[in-house]
Amino acid sequence: METTELLKKVRKIEIKTRGISNQIFSGEYHSAFKGRGMAFSEVREYQPGDDIRAIDWNVTARFNHPFIKVFEEERELTVMLLVDVSGSENFGTQKQFKKDMITEICAVLAFSAIKNNDKIGVIFFSDKIEKYIPPKKGKSHILRIIRDLIEFKPESNKTNIEQALRFFTNVVKKKSIAFLISDFMADGYKDALKITNKKHDLIALRIYDKREFELPNIGLVKLKDSETGQLSWVNTSSYEVRSHYSTNAKKRESYLKDMFNKCGVDTATIGTHQSYIQPLMNLFKQRESR
């Protein structure tokens, strides 16, 4: 992609997602991930001029002398985006490809994070760690992330979520908010989910396309697995074939929901045919209500 075209794309995504972040998500993001923005620091003796609403009555009663609770601004949070860049993300039959939707979601989350003075970093993964952008603040950092999301070409088309989670827990020592964004077309990462969620606050954003749940009746077609390159002929005019395809997709969806629930991982499911705004709003409000 030429530089001029790339910059236009970055600017277009910046304008759209920054507006969404400012107008829709700013309050919800803060409430969902920062609480009141204050953290308890210490108890000290009351001094003239202190706010009497801050008096700690338990400590005051114990020592028969007024003490107050001291709060301080919560330290900045670190937000990490773990982005699946494997071959299956280049699929999309509705409004957009999964990859394009992931780019916009990442941009919205990044602008929401810097608006709250949080750091943000990214891990691009396939079946290997493709790229690591350490957490930083600032608009130029966000624009770099968007640019990389648009033009990044992975070395591998396959997926290994376990390895991505293991890398994340190894390189980011401070407790962070982590968005794992993928179609989750992989196996063998349940234990890694549990471990990561114990150390960090892990949220799974599952991106899917409607055609992954239902095949259209268009006769005999040749399909290609975007991760392995394997070709196969499928007779979509067969009701049994379409039914089997749909049943397997629903079973997988049910399995994923159950796994995220058992691992204590918050999740949102977003289709390429819909806007990501409402599913993210629902997720933020769900966390805010706890």
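Hi everyone. Let me start with a term: a pocket is an open set of grid points with protein on both sides within 12 Å along at least five of seven lines. With that in hand, here is our structure, which is a predicted model.

I'll begin with the second largest pocket, which holds about 420 Å³ of space. Its lining has 14 residues, and the closest to its centre are Lys9, Ile13, Asp100, Thr103 and Ile150. Which elements give two or more residues to that lining? They are α1 (3-34), α3 (98-115) and α4 (139-151). Sorted by class, the lining of this second largest pocket has eight charged residues, four nonpolar and two polar.

Let's stay with α4 for a moment. Its 13 residues should span 18 Å at 1.5 Å a residue, and the C-alpha atoms at its ends are 19 Å apart, so the two agree. Several residues of α4 are buried, among them His141, Ile145 and Leu149. Ile150, one of the residues closest to the centre of the second largest pocket, is also buried.

Now for the largest pocket, with a volume of about 1,000 Å³. It is lined by 32 residues, and Met185, Glu212, Leu223, Lys224 and Tyr245 are the closest to its centre. At least two lining residues come from each of β8 (220-224), β9 (231-235) and α7 (239-262). Which element gives the most? That is α7, with six residues. By class, this lining of the largest pocket is made up of 12 nonpolar, 10 polar and 10 charged residues.

Let me pick out Glu212. You'll find it in the loop between β7 (201-208) and β8. Is Glu212 buried or exposed? Its relative accessibility is 13%, and buried means under 20%, so Glu212 counts as buried. The side chain of Glu212 makes a polar contact of 2.6 Å with that of Lys98. Leaving out residues up to four places away in sequence, Glu212 touches Phe91, Lys98, Met185, Tyr245 and Ala249.

The largest cavity has a volume of about 40 Å³. Lining it are Arg206, Glu253, Leu256, Lys257, Phe260, Thr267 and Thr269. Here α7 turns up again, giving the largest share of the cavity lining with four residues, and β10 (266-271) supplies at least two. The classes in the cavity lining are three charged, two nonpolar and two polar.

Methods: Residues are numbered from 1 along each chain as its sequence is written. This is a predicted model: local features need pLDDT of at least 70, side-chain atom pairs count only at pLDDT 80 or more; totals for chains, interfaces and linings use all residues. Side-chain values use heavy atoms; hydrogens and water are left out. On a 1 Å grid over the protein atoms alone, a cavity is a set of points where a 1.4 Å probe fits but cannot get out, and a pocket is an open set with protein on both sides within 12 Å along at least five of seven lines; lining residues have an atom within 4 Å of a point. Grid points are joined across faces, edges and corners, and a volume is the space filled by probe spheres set on the points. Ala, Val, Leu, Ile, Met, Phe, Trp, Tyr, Cys and Pro count as nonpolar, Asp, Glu, Lys and Arg as charged, and the others, Gly among them, as polar. The expected span of a helix is 1.5 Å times one less than its number of residues. Buried means under 20% relative accessible area, exposed over 50%, partly exposed in between (1.4 Å probe, protein chains only). A polar contact is a pair of N or O atoms within 3.5 Å; within protein, one must be able to donate a hydrogen and the other to accept it, and residues adjacent in sequence count only if both atoms are side-chain atoms. Contact means heavy atoms within 4.5 Å.
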